[in-house]
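User: I would like to go through the terms used for this model one by one, and to hear on what grounds each of them is applied.

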Number of protein chains: 2
Amino acid sequence: MNKKLCLGAFMRPISLHTAWWRHPNAAPQANFDFPIIKDLVRKLEDACFDAVFLADHLAVMNMPTNALKRSGTITSFEPLTLLSALAACTTNIGLIATGTTSYEEPYLTARRFASLDHLSSGRAGWNIVTTVNTEAAYNFGLESARLHAERYERAGEFFKVVTGLWDGWADDALLMDKESGIFFDPEKIKPLNHKGKYFSVKGPLNIARPVQGWPVIALAGASDAARQMAAESADLVFGNARTIETARSFYKDVKTRAIAAGRNPDHLKILPANQVYVAATREEAYRKKQVMDDLVHVDSNLPNLSLKLGVDVSGFDLDKPLPDIPETEQSKGHQREWIALAQREGLTVRELAKRAAGSGIGEMIGTPSEVADQMEEWLLTEACDGFMMVFHSAPDGYDDFTSMVVPELQRRGLFRTRYEGGTLRDTIGLPRPDSRVD
Amino acid sequence: MNKKLCLGAFMRPISLHTAWWRHPNAAPQANFDFPIIKDLVRKLEDACFDAVFLADHLAVMNMPTNALKRSGTITSFEPLTLLSALAACTTNIGLIATGTTSYEEPYLTARRFASLDHLSSGRAGWNIVTTVNTEAAYNFGLESARLHAERYERAGEFFKVVTGLWDGWADDALLMDKESGIFFDPEKIKPLNHKGKYFSVKGPLNIARPVQGWPVIALAGASDAARQMAAESADLVFGNARTIETARSFYKDVKTRAIAAGRNPDHLKILPANQVYVAATREEAYRKKQVMDDLVHVDSNLPNLSLKLGVDVSGFDLDKPLPDIPETEQSKGHQREWIALAQREGLTVRELAKRAAGSGIGEMIGTPSEVADQMEEWLLTEACDGFMMVFHSAPDGYDDFTSMVVPELQRRGLFRTRYEGGTLRDTIGLPRPDSRVD
């Protein structure tokens, strides 16, 4: 059987392009309008996407007012409530929500994702993040974000508690025997009795084991700690490579770590972000990109770059190369990626800021055939197992990709033409973890 | 215009009757089966109910295994995920979820209820509880539940933070002006900058002000602190009166407190719990009750009573009157109610335990006309503004009430025959709070 692409759709925010909502065809409220989001998700389900994915943040983003007021994503639905509503309107597509380990309680996180998994008949996924944003810390009683090492240590314990709670129920705990009046077998539900550095959680969970055993586990992040945690624990890894070379290097590193951790590397799917501009001709595809980028207001450029780098660049000399960036507690992934880009292409700060003005992620541009060629090359040369698609606008970005690129991928046998049924783990080709209670 | 009933439907658990799932017609999985729950909610919407209501708990209930294993509600959906899914399948009915102030973060609670309110076009409600259960405390790193006074002090500050976050956005903050590229007016979104005893929250919230301004605020609880908080802050008050006299006394007390707090007492609706057995003849209605109560296993009686009283009754002399119950940190409502019942009717512990074996709440039994007579009397003599209906089984309890009692109430002009449209506040007749940002 041919190797096939795994395709996720990045939907929160509805687009990462700074100017998405200004596109002539865009519904500017698309990020916060349930009927519009529902229609887009159904379109993705018709195109047989593996899953939709919702990023998250826990504050109004900390950028200067001049840039912030241009953001079409200042208001967003909370991910688990939105995915639960979408679960009721869809049948096959996976539903992956970001959940932080920094400001939630593991008992509540285990419970909510289990609930989404049952509501969707086994289509839930949990993207684990450690929240670094300082503005978020202020919303949870802290003076600053936790340090990088502490965030990852806490995340590791959080994950252990959550999965332990899911595994505290046997899959066959419920008897529901009207005759005897016995609803469940008490031997099949065990407390966790976890006592650790950050959490003390007795259990058991007040909801049955998820349909999938565990919802699909996703992770992003480029730091050493994040790669290691992904290699040991994740089913899906989101990357942010902008070139096939960096993608291959990341792919090899994470898969090697997975093997060293005793895992089957095929059970860990690596999906770099990818924003596609596609049209009948290459020239038209580039014109589409130009239309979008021309809609970005100059006030958005420097703050966007500051966000990517985790430092305020407004004092930098715009016409000189990027100065040395101090190591900060910012997520390492973006920072590393943007410093590398500036060095690789010898960009000034002003030029680099302009690159940050769109979505700042990897792009493929061309005809359906040209885009499919690139995706095929990435897949077959071990740069990825698929992509996390990011759409440049709504609905155009969604329509273009599903109507032009997906059929071409399907024609080449690189992507499914229908769902086989079953859970999200079944769709992606992931094993179902066993319970720790027989 | 006639005074009309406000009707809520208690749906989590799907029934409070210990034996609900053993009824011959019951689907024993009804409490944990989304398609079944969806059908029941649509039935309630067809009957023009104001809202469905989900109680909650944060642990597998602490009762002896012999009783627990007979519980048809050991596994349940998490309330906000379930209501979000239901929001996508309904149009008019209100969606009220319980949310604790003891183990959640106010920023996250404010955000989730705002999200549900937007997803449902203004049909969300928040039932505020302080969690007392000791088993729940063990799931959140505590050695015991917090003390009663501390729980209410914390709840008060929690409520202040949540409503302050909702009010930090003007209703017209979003501009979405494609031409200028300005998405929102930064003057219309203000930080909260709350620093209190329990919480420090900067804000603003990362979601627009709820459609209803504030989701409908509900409260239960019979203690002095709970009544006062309800009188000052609630739109809906859930009571647990088993007789019309105690209902009137509670009604008068809470409405008097509301007036003293400067509120219009009509803007606070008091809904006692009510479980109805209805049939074409009174004898048949009583037979229905008998069928249900006969299905309760004796092992469930004493643990049920222990839960109601907040003390372990297994050592009590079963054939003597109830001894003095020590003041505990248990919720005061149930405890007070059950002590009063034992005293009023001179019951032994054994007899009292048998009463706890069904649902242990107020009941009305008879023909549709007899039940409507009682409901009308309660409404017109200021014992209530409506009822929180609790169904003895699923689907029979739901079918009986919607097909027999609702039409009779509608014939008498005591209940709406169609929704007028609009938000849950509009449906119930509650004002919309103003934002604190112009």
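Terms and their grounds

Analyst: This is a predicted model, in which local features need pLDDT of at least 70 and side-chain atom pairs count only at pLDDT 80 or more, while totals for chains, interfaces and linings use all residues. Residues are numbered from 1 along each chain as its sequence is written, chains are lettered from A in the order in which they are written, and side-chain values use heavy atoms, with hydrogens and water left out.

User: What makes S4(A) a partner of S9(A)?

Analyst: Strands are DSSP runs of E with at least two residues, helices runs of H or I with at least four, both numbered from the N terminus, and two strands pair if DSSP finds at least two bridges between them. Strand S9 (residues 216-220) of chain A is joined to S4(A) by 4 bridges, and the two run parallel; Gly125(A) stands opposite Val216(A) there. Strand S3 (residues 94-100) of chain A is likewise joined to S4(A), in parallel, by 6 bridges, with Ile96(A) opposite Gly125(A).

User: Why is strand S4 of chain A called mostly covered?

Analyst: Buried means under 20% relative accessible area, exposed over 50%, and partly exposed in between (1.4 Å probe, protein chains only). In strand S4 (residues 124-129) of chain A, 5 of the 6 residues are buried.

User: How do you know that the two copies are related as by a two-fold rotation axis?

Analyst: Copies are superposed by least squares on the C-alpha atoms of residues with pLDDT of at least 70 in both. Chain A can be laid on chain B with an RMSD of 0.0 Å by a turn of 180° and a shift of 0.0 Å along the axis, and the copies are therefore related as by a two-fold rotation axis. Among the residues of chain A, Ala85(A) comes closest to this axis, its C-alpha lying at 2.0 Å.

User: Why do Glu370(A) and Arg282(A) count as a salt bridge?

Analyst: A salt bridge is a side-chain nitrogen of Lys or Arg within 4 Å of a carboxyl oxygen of Asp or Glu, and the side chains of Glu370(A) and Arg282(A) meet at 2.9 Å, N to O. Because Glu370(A) lies in helix H13 (residues 368-380) of chain A and Arg282(A) in helix H9 (residues 282-294) of chain A, the pair ties together parts that are 88 residues apart in sequence.

User: Why is Glu370(A) called partly exposed?

Analyst: Glu370(A) counts as partly exposed because its relative accessibility is 22%, and Arg282(A), at 42%, also counts as partly exposed.
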